[in-house]
Amino acid sequence: MARYYFDLHNGEGPTRDEHGTELESREDIPKEVTRILLDVARDELPAGDRMTIAVTVRNEKGDPVTVASLVFSNEWLDVLR
């Protein structure tokens, strides 16, 4: 097992993961990132018309291994007429 750290970047600014999560393998990272992004989106959307939520994953050495993001965009069509 390896420990990975999932740093969150959202409307409130960056939040560094100090505890990490042990995963069986690197292939489990996308599942954990998806869970985090969906949880944050559920709690924070819609906070406005546009929002980007990102998670940067670091390995045990602190090196970034991947970044994933979720972008929300809402456009009011009746206002454009």
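This is a predicted model: local features need pLDDT of at least 70, side-chain atom pairs count only at pLDDT 80 or more; totals for chains, interfaces and linings use all residues.
The mean pLDDT of the protein is 91, with 96% of residues reaching 70 or more. Confidence is highest in strand β3 (residues 21-23), at a mean of 97, and lowest in strand β2 (residues 13-15), at 91.

Side chains of opposite charge can pair when their charged atoms come close. In this model, 6 salt bridges were counted. One of them is formed by R58 and D7, whose closest N and O atoms are 2.6 Å apart. This pair links distant parts of the chain, since R58 belongs to strand β4 (residues 50-58) and D7 to strand β1 (residues 2-10), 51 residues apart. Both R58 and D7 are buried.

E32 is paired with R35, the closest N and O atoms being 2.6 Å apart; the two residues are 3 residues apart in helix α1, about one turn of the helix. E32 has a relative accessible area of 15% and is therefore buried, being under 20%, whereas R35, at 41%, is partly exposed. R42 forms a salt bridge with D39, with 2.9 Å between the closest N and O atoms. R42 and D39 are likewise 3 residues apart in helix α1, about one helical turn. R42 is exposed at 58% relative accessibility, and D39 is partly exposed at 28%. Salt bridges with shared partners join E32, R35, D39 and R42 into one network.

E44, also found in helix α1 (residues 29-44), is buried but has no salt bridge, and the nearest side chain of opposite charge, R42, is 12 Å away. The side chain of E44 instead makes a polar contact with the side chain of N10, at 2.6 Å. Beyond residues up to four places away in sequence, E44 touches N10, G11, E12 and M51.

Methods. Residues are numbered from 1 along each chain as its sequence is written. Side-chain values use heavy atoms; hydrogens and water are left out. pLDDT is the predictor's confidence in each residue, from 0 to 100. Helices (H or I, at least four residues) and strands (E, at least two) are DSSP runs, numbered from the N terminus. Buried means under 20% relative accessible area, exposed over 50%, partly exposed in between (1.4 Å probe, protein chains only). Lys and Arg count as positive and Asp and Glu as negative; His and the chain ends are not counted. A salt bridge is a side-chain nitrogen of Lys or Arg within 4 Å of a carboxyl oxygen of Asp or Glu. A polar contact is a pair of N or O atoms within 3.5 Å; within protein, one must be able to donate a hydrogen and the other to accept it, and residues adjacent in sequence count only if both atoms are side-chain atoms. Contact means heavy atoms within 4.5 Å.
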